Amino acid sequence: MDVKAAPNGVATIEDRILRITGYYGYYPGYSSQKSTTRSSVTRCKPGPNCPSSHSSISRQLSPLSVTEDSSAPILELQSRGSSGVCGRKVERQSRSGDDGTQTHPESSSQENGLKARCLSCTSMVLKTIWGLLIILSVSSSWVGTTQIVKITYKNFYCPFFMTWFSTNWNIMFFPVYYSGHLATAQEKQSPIKKFRECSRIFGEDGLTLKLFLKRTAPFSILWTLTNYLYLLALKKLTATDVSALFCCNKAFVFLLSWIVLKDRFMGVRIVAAIMAITGIVMMAYADNFHADSIIGVAFAVGSASTSALYKVLFKMFLGSANFGEAAHFVSTLGFFNLIFISFTPIILYFTKVEHWSSFAALPWGCLCGMAGLWLAFNILVNVGVVLTYPILISIGTVLSVPGNAAVDLLKQEVIFNVVRLAATIIICIGFLLMLLPEEWDEITLRFINSLKEKKSEEHVEDLTDVSVHLRSRSRVNGTVSIPLA
């Protein structure tokens, strides 16, 4: 039975509907050509005389014809010969094969990109986990050292001997590093070869007697002064106050680096330095400028200053060092302390400045615990730079302030008034401001701009989704406005 073309009025209305709804296969005269195609296809009888251009007929069968009158195309397709169907199958398989060969490199590149992202995410997660562990270890070792010193002072007060004894333990730094090298490195090196390799921190010729005296002497003196003043401050102040005041060394490092090393000027770090100085003054005022309080604050600030000078001079003369070079240098400081500074505690002993009855009466448990935790702190600081982000090491140091405060509150050795609490918070905030990178302002602006762009894109997507939803809803309900021509 032949199917006649639809009247011109109906065809015109259908064209308008397709034009208004935005059907992607629409073109002027679409419905009339579609109806003509249907009539021609229906009049074609199956058999060998049927036109062989099945591809042209298949191209004319649009999705709209299936949705409007689905029975007729299905019957027509079933009445086709097997050659036409097989031809279309071969054509589809060849097309799918071509598409598969074209998309294979793209899929492999996408897989490689996903693998790279997974590896980067895994390394970031591992670094973060190591960072959290090292933060807890650094803060715990520093809190433990400070609290053991306070306990030792109850029965034994010889701060210089304690400083000398704990500095001698630095000799074990390089053996600990070499043990880690033997456990982790694939290519093992002998101790002498590794020692010579790490001694390049002193120059191309390695460690000589002249460089040993010239480079090690000033740093060993600064190291001893830093620790000695810190122990003196613990006698006058609480552990919380001393650890908070010692955090000012970050501000002193910036000021010395700006003056001596000509580092970049940063306004936020000047603000942090001012906050540190304000905290120092408030800490002295917390006890109404009592004599012991002022002396204790002076000792703590002196310890922070010598620590800052040590870091700036190290950067000036020796530059940056890796983990092995740092272990070699700290062990060298221990040797210098054992050889050249041993006469100082002997003089103090015979002059009765730091005197004890016998070596058996010394609190060896507390002394070894203090020296071991101090060594662990120095090792963790250098290991943390290798395993995780350096900023986390500084965060671990500043976390020793609340750690010492918690221990002091449990021991009921400190009563926090408003001034002392405000001074501690101001110093800690100044310390954290020092940790901001040099380009922190540019990073902040880029982050804010990216957030704005993301919000604008989400807003545009929401508007697009709403418009598409309304259009699809109008199609389903059949509410299409047809303009009257």
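A word on the ground rules comes first. Because the model is predicted, local features need a pLDDT of at least 70 and side-chain atom pairs count only at pLDDT 80 or more, while totals for chains, interfaces and linings use all residues. Residues are numbered from 1 along each chain as its sequence is written, and side-chain values use heavy atoms, with hydrogens and water left out.

The overall picture is quickly told: the protein has 21 helices and 0 strands. Both kinds of element are DSSP runs numbered from the N terminus (helices are H or I with at least four residues, strands are E with at least two). Of the 485 residues, 36% are buried. Here, buried means under 20% relative accessible area, exposed means over 50%, and partly exposed is what lies in between, using a 1.4 Å probe and protein chains only. The protein exposes about 28,400 Å², and 65% of that comes from carbon and sulfur atoms; such areas are worked out by the Shrake-Rupley method with a 1.4 Å probe, and for residues only the protein chains shown count as cover. As for contacts (heavy atoms within 4.5 Å), take those between residues at least 6 apart in sequence: 80% of them join residues at least 24 apart.

Next comes the empty space. Rolling a probe the size of a water molecule over the atoms shows where such space is left. The largest pocket has a volume of about 1,800 Å³. Lys250, Lys311, Val381, Val385 and Ser394 are the closest to its centre among the 49 residues that line this pocket. A pocket, on a 1 Å grid over the protein atoms alone, is an open set of points where a 1.4 Å probe fits, with protein on both sides within 12 Å along at least five of seven lines; lining residues have an atom within 4 Å of a point. Grid points are joined across faces, edges and corners, and the volume is the space filled by probe spheres set on the points. Several helices supply at least two lining residues each, including H10 (209-236), H14 (291-317), H15 (323-340) and H17 (364-387). The lining divides into 29 nonpolar, 13 polar and 7 charged residues. In this count Ala, Val, Leu, Ile, Met, Phe, Trp, Tyr, Cys and Pro are nonpolar, Asp, Glu, Lys and Arg are charged, and the others, Gly among them, are polar.

A search of the whole structure finds 32 aromatic pairs. Rings of Phe, Tyr and Trp (its six-membered ring) pair if their centres lie within 6.5 Å; planes under 30 degrees apart are stacked, over 60 edge-to-face, and the rest tilted. Tyr349 and Trp356 make a tilted pair, because their ring centres are 4.7 Å apart and their planes meet at 50°. Tyr349 is partly exposed at 23%, whereas Trp356 is buried at 8%. Both belong to a cluster linked by ring pairs, which also takes in Phe156, Phe161, Trp164, Phe165, Trp169, Phe350, Phe359 and Trp364.

The loop between H16 (343-350) and H17 holds Lys352, which has a positive phi of about 65° although it is not a glycine. Lys352 is exposed, with a relative accessible area of 58%. Val353 lies in the loop between H16 and H17 as well, and is exposed at 57%. The C-alpha atoms of Val353 and Cys158 are 8.4 Å apart, although 195 residues separate the two along the chain.

Gly203, in the loop between helix H9 (191-198) and H10, is partly exposed at 24%. Gly203 and Leu318 are 115 residues apart in sequence and 8.7 Å apart in space, C-alpha to C-alpha. In helix H20 sits Ile429, partly exposed at 39%; its C-alpha atom is 7.6 Å from that of Ala272, 157 residues away along the chain. Finally, Thr397 in helix H18 is buried at 16%. Leaving aside neighbours within four places in sequence, Thr397 is in contact with Val138 and Phe377.
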